[in-house]
Amino acid sequence: MNMVRTGNIGLVKKINKQIVLKLIREKNNISRAEIAKITGLNKATVSALVDELISEHFVSESGIGVSTGGRRPLMLRFNEAAGSLIGIELGVNYIYAVLTDLNAEIIWQKMVHFRANETQETIMEKMIAMIHEAIRHAPATPYGIMGIGIGVPGIVNTEEGVVIFAPNLHWDHVALASILQKQWPDYPIIIENEAKLAALGEKWFGAGKEFANFVYVSAGTGIGAGIIIHNQLYRGTDGIAGEIGHHVIDIHGVRCSCGNNGCWEMYASEKYIQRRLEQENHHSMLEDFSVEKVRALAERGDKQMAQILAEVGRYLGIGILHIIYAYNPEAVIVGNTIGTAGKWVLEPARDEVAKRILVKNGGGPFIIPSQLSEKSCAIGAVASVLEKVVMPSELEVIS
């Protein structure tokens, strides 16, 4: 895959430029000499690449560094104000939109709710109106809006920008990118599964920063996962990698919206909590249901609510065990609404994994909460544009 064809000077330069830009972004105050030392590129090459990045507005010189015996060096930093990015999470009953700078700092955000069985047309109209509003709030920058990323709860063909199947939305083969591209022909538009984007968000800006290999589990209305291997998002052959919510844990179990019985999604998500609340006759809690309310009661000493969260946590642990056996990651990051229940679900999940895991050396992966919490998907949508438009990885430049 990573085959550099000799003689392709332009390609080598492109790759080196990306390496330099990534380094400046990560260190955020680094001199040309330090870049040369870290990358092994010669000083003249580094200077030429840095000058180009400055002329392209992606890098700015910020004051004077500390002298090591000669002239004091000019320090370089990533210019997050070179452009703006739009990230959108399409939930099962809401749309959440953010407008950010190139460091994913939020400039404007908005949340709009809709009925759980709203028509596709209405949802699209709401999304288009929100994108228009985000564009109106964008500050004047050299590049303006650099792209729109959208996370969807379902299976997506990213190449085509088509939502193949979103069971919780009842969407089937929706050409989302081309609908939006008609409105905005000049913007790159990326459509991706919400958990994959959330994993990307955590990788760039959250709890996944220091891990090269981790799995992000989005446990909310349903369950999905985003898999990061060697710092890259793993999509699989048909984009189904990470659809672990539909991993069957009980063939005689409860029927799932996907048509099968006993999917993990029916046991480690909000759906399970709602079923348990119904069984225990807590109908008032189902009217305006949120995991937050259940957690608040558990915190106040409600034993039954703590018990229900612990049950979800144990089921979460069972699924995480499957993830560990499949990918053996450094960390499993738990996000979305179930993730917000924190220790009430994470501790039972960790116990379940520790009890059942084959190699009991206590050195299993870290099972940790998401850092971006409810914003991970929208921030990941922004990161997906950043990754494609501003900082394409060496592999993508080559292929």
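User: Which residues do ring pairs link into a cluster?
Analyst: Y267, Y272 and Y315. Rings of Phe, Tyr and Trp (its six-membered ring) pair if their centres lie within 6.5 Å; planes under 30 degrees apart are stacked, over 60 edge-to-face, the rest tilted.

User: What lies over the face of Y267?
Analyst: R275, at 5.4 Å from the ring centre. The criterion is NZ of Lys or CZ of Arg within 6 Å of the ring centre and within 35 degrees of the ring normal.

User: What are the ground rules here?
Analyst: This is a predicted model: local features need pLDDT of at least 70, side-chain atom pairs need 80 or more, and totals for chains, interfaces and linings use all residues. Numbering starts from 1 along each chain as its sequence is written, and side-chain values use heavy atoms, without hydrogens or water.

User: How many aromatic pairs in the whole structure?
Analyst: Six. One of them is F58 with Y143, stacked at 5.0 Å centre to centre, with 5° between the planes. These two residues sit 85 apart in the chain.

User: F58, buried or exposed?
Analyst: F58 is buried, at 9% relative accessible area. Y143 is partly exposed, at 36%. Buried means under 20%, exposed over 50%, partly exposed in between (1.4 Å probe, protein chains only).

User: Switching to R32. Which side chain does R32 join in a polar contact?
Analyst: That of D51, at 3.3 Å. A polar contact is an N or O pair within 3.5 Å; within protein, one atom must be able to donate a hydrogen and the other to accept it, and sequence-adjacent residues count only if both atoms are side-chain atoms.

Methods: Helices (H or I, at least four residues) and strands (E, at least two) are DSSP runs, numbered from the N terminus.
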